[in-house]
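Here's a quick walk through a single-chain model, written for someone who likes to have the numbers next to the picture. Have a look at the fold first, then read on.

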Amino acid sequence: MIAHLQGKLVEKTPTEVIIDCNGVGYHVNISLHTYSLLPASDAIKLFTYLQIKEDSHTLFGFVEKSEREIFKMLLSVSGIGASIARTMLSSLEPKQIIHAIASADVVTIQSIKGIGSKTAQRVILDLKDKVLKLYDLDEVSMSQSNTNKDEALSALEVLGFIRKSAERVVEKIVKENPDATVENIIKLALKNL
């Protein structure tokens, strides 16, 4: 329905952006991978996926068309909803997800919050053939401040983590990696929660 949005970036957090398109502000959910690729300028174009449910219409945005395609493939798997698909794309790079599926790496897929052994196996079973057809697997192979820490904690809360446990993990990460960016803090936290 809505294939892409192009306009002025009004607001951004690690989990969502607001884009002004000729006076209309669109609230778009994004992955951490997309957040790391957002341009420094105000002008922005995101490829989108509109999820329509009985009680809501939710837009998901991606800087890369290929990330949107992986998101749609993940949604086709029984047991994977938009929230888990976004968490997957926030925890791992799209190339890592493709590689894990293609090489039947259950452990990597299962390391993502919300995915158990059966779901990881289902992802591999359902998507391995599609991934092998669509992707060439040769291709698949700042200073830290409180603001970065706060943004990382907010993003983790939006992704469904309890603030207290997230705070402990983020504190440890910030001590060990004082120059970590918001994206790196969140990625490391996702692996440790």
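What follows goes from the overall fold to the strand pairing, then to a cavity and a loop residue.

Keep in mind that this is a predicted model. The chain contains 10 helices and five strands. Its radius of gyration comes out at 17 Å, close to the 16 Å that the globule rule gives for 193 residues, so the chain is as compact as a globular protein of that length. If you're thinking about box dimensions, the C-alpha atoms fill roughly 45 × 40 × 35 Å along the principal axes. Of the 193 residues, 44% are buried. The chain exposes about 10,300 Å², and carbon and sulfur atoms supply 50% of that area.

Now for the strands. Strand S3 (residues 24-30) pairs with S2 (residues 16-21) and also with S5 (residues 57-62). Here are the two pairings:

| Strand pair | Direction | Bridges |
|---|---|---|
| S2 and S3 | antiparallel | six bridges |
| S3 and S5 | parallel | three bridges |

To find these pairings in the viewer, pick one residue pair from each. Ile19 stands opposite Tyr26 in S3, while Val28 has Leu59 in S5 as its bridge partner. In a regular strand, side chains alternate between the two faces of the sheet.

Next, the inside. Which residues line the largest cavity? The lining consists of Pro14, Thr15, Ile30, Ser31, Leu32, Ser90, Ala155, Leu159 and Ile186. Ile30 from that list is also the residue where S3 ends.

Is Ala180 buried or exposed? Ala180 lies in the loop between helix H9 (163-176) and helix H10 (182-192). Its relative accessibility is 6%, and the cut-off for buried is under 20%, so Ala180 counts as buried. Along the chain, Ala180 and Ala152 are 28 residues apart, and their C-alpha atoms are separated by 11 Å.

Terms used. Residues are numbered from 1 along each chain as its sequence is written. This is a predicted model: local features need pLDDT of at least 70, side-chain atom pairs count only at pLDDT 80 or more; totals for chains, interfaces and linings use all residues. Side-chain values use heavy atoms; hydrogens and water are left out. On a 1 Å grid over the protein atoms alone, a cavity is a set of points where a 1.4 Å probe fits but cannot get out, and a pocket is an open set with protein on both sides within 12 Å along at least five of seven lines; lining residues have an atom within 4 Å of a point. Helices (H or I, at least four residues) and strands (E, at least two) are DSSP runs, numbered from the N terminus. The radius of gyration is taken over C-alpha atoms; the globule rule is 2.2 Å times the number of residues to the power 0.38. Buried means under 20% relative accessible area, exposed over 50%, partly exposed in between (1.4 Å probe, protein chains only). Accessible areas come from the Shrake-Rupley method with a 1.4 Å probe; for residues, only the protein chains shown count as cover. Two strands pair if DSSP finds at least two bridges between them.
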